[in-house]
Amino acid sequence: YSYSLVDDYKEDLKEEKKIKIKNLITIPFRDKIYRHYILFALLFNFARSLAMPYYTYYSKTVLEFDYSYIALIGSITCFIKILIANVWGDAGDKRGWRKILMFSGSMFAITNILWAFINIQTGFLYPFVIILNGIFMIGTNISIFNLNFNLSPDKDRLIYFGFNAAVVGLFAFIGPNITGMAVDMMKDVSLSLFNLDVNGYQIIFFISGVLQIIFINAFVKYL
């Protein structure tokens, strides 16, 4: 809304009158396909946010990795993400962003589920999961952004983008707070499953990944 009042944006908006605040909600919601997109985006990001704040903490406190090792793997992953971004871009232009999101988003969710199987005994899997997670994360993020752009009409694009950012941001804020309460309740949980030690964090990682797969398969086909 604030952007619409800035002189630099007034010509782009090509509107004779200021945007009404109620239109920030009503205009995107009148678009059936965009409603599906918003519902997917907020639920998917909510599922992601359940586990996202705890990966580094888990790596340091439970897996007992050194910060330098975590930083090294993170740096390598960032470099690979930069290289692979163009590959995802070309694939999206050729095959369509919905198909790319179905594939990269599902694989991204699976790599999050793999976190549930990483403990001290299986810590050697850590770099592979991190790198794969980064590769599919960049594909997922690029797909979500481009779908948001393509589904937003030119004349109301700022309204659609603002609405999307507000709704998704709100649920991304709620997710970690819910998980924080769950972590407090499950911090002492310790199970043995197929000779694999499982703790509360791993359960949260598993739930987060499964929810991501569910939301991708439930909504992306309608975009």
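Student: Which residues does Val167 touch, not counting residues up to four places away in sequence?

Tutor: Start with the idea: contact means heavy atoms within 4.5 Å. Here, Val167 touches Ile38 and Leu42 once residues up to four places away in sequence are left out. Before we go on, this is a predicted model, where local features need pLDDT of at least 70 and side-chain atom pairs count only at pLDDT 80 or more, while totals for chains, interfaces and linings use all residues. Residues are numbered from 1 along each chain as its sequence is written, and side-chain values use heavy atoms, with hydrogens and water left out.

Student: How far apart are Val167 and Leu39 in sequence and in space?

Tutor: They sit 128 residues apart in sequence, yet 9.3 Å apart in space, C-alpha to C-alpha. Across the protein chain, 78% of the contacts with a separation of 6 or more join residues 24 or more positions apart.

Student: Is Val167 buried or exposed?

Tutor: Use the cut-offs: buried means under 20% relative accessible area, exposed over 50%, and partly exposed in between (1.4 Å probe, protein chains only). Val167 counts as buried because its relative accessibility is 17%. In the protein chain, buried residues make up 44% of the 223 residues.

Student: What does the chain look like in terms of helices and strands?

Tutor: Helices (H or I, at least four residues) and strands (E, at least two) are DSSP runs, numbered from the N terminus. The protein chain has nine helices and two strands, in the pattern α-α-α-α-α-α-α-α-β-β-α. Val167 lies in helix α8.

Student: How do I read the packing of α3 and α9?

Tutor: Two packed helices are described by the angle between their axes and the distance between the axes. Axes are lines fitted to C-alpha atoms, for helices over the stretch in contact, and angles run from 0 to 180 degrees between N-to-C directions. The axes of α3 and α9 come within 8 Å and cross at roughly 170°. Angles under 35 degrees count as roughly parallel, over 145 as roughly antiparallel, 65 to 115 as roughly perpendicular and the rest as oblique. So α3 and α9 are roughly antiparallel to each other. Residues making the contact include Leu39, Phe40 and Leu43 of α3, and Ile204, Phe205 and Phe215 of α9.

Student: What span should α9 have, and what do its ends show?

Tutor: The expected span of a helix is 1.5 Å times one less than its number of residues. With 20 residues, α9 should span 28 Å, and its end C-alpha atoms are 29 Å apart, which agrees.

Student: What covers the buried residues of α6?

Tutor: The cover includes α3 (32-51), α4 (55-61), α5 (67-95), α7 (126-151) and α9 (200-219). Among the buried residues of α6 are Trp97, Ile100, Leu101 and Phe108.

Student: What about phi at Glu64?

Tutor: Most residues other than glycine have a negative phi. Glu64 has a phi near 60°, a positive value in a residue other than glycine. Glu64 lies in the loop between α4 and α5 and is exposed, with a relative accessible area of 60%.

Student: Where does Ser59 lie, and what is it in contact with beyond its neighbours within four places in sequence?

Tutor: Ser59 lies in helix α4 and is buried, with a relative accessible area of 1%. Ser59 is in contact with Glu64, Phe65, Ile70, Trp115 and Tyr126, leaving aside its neighbours within four places in sequence.
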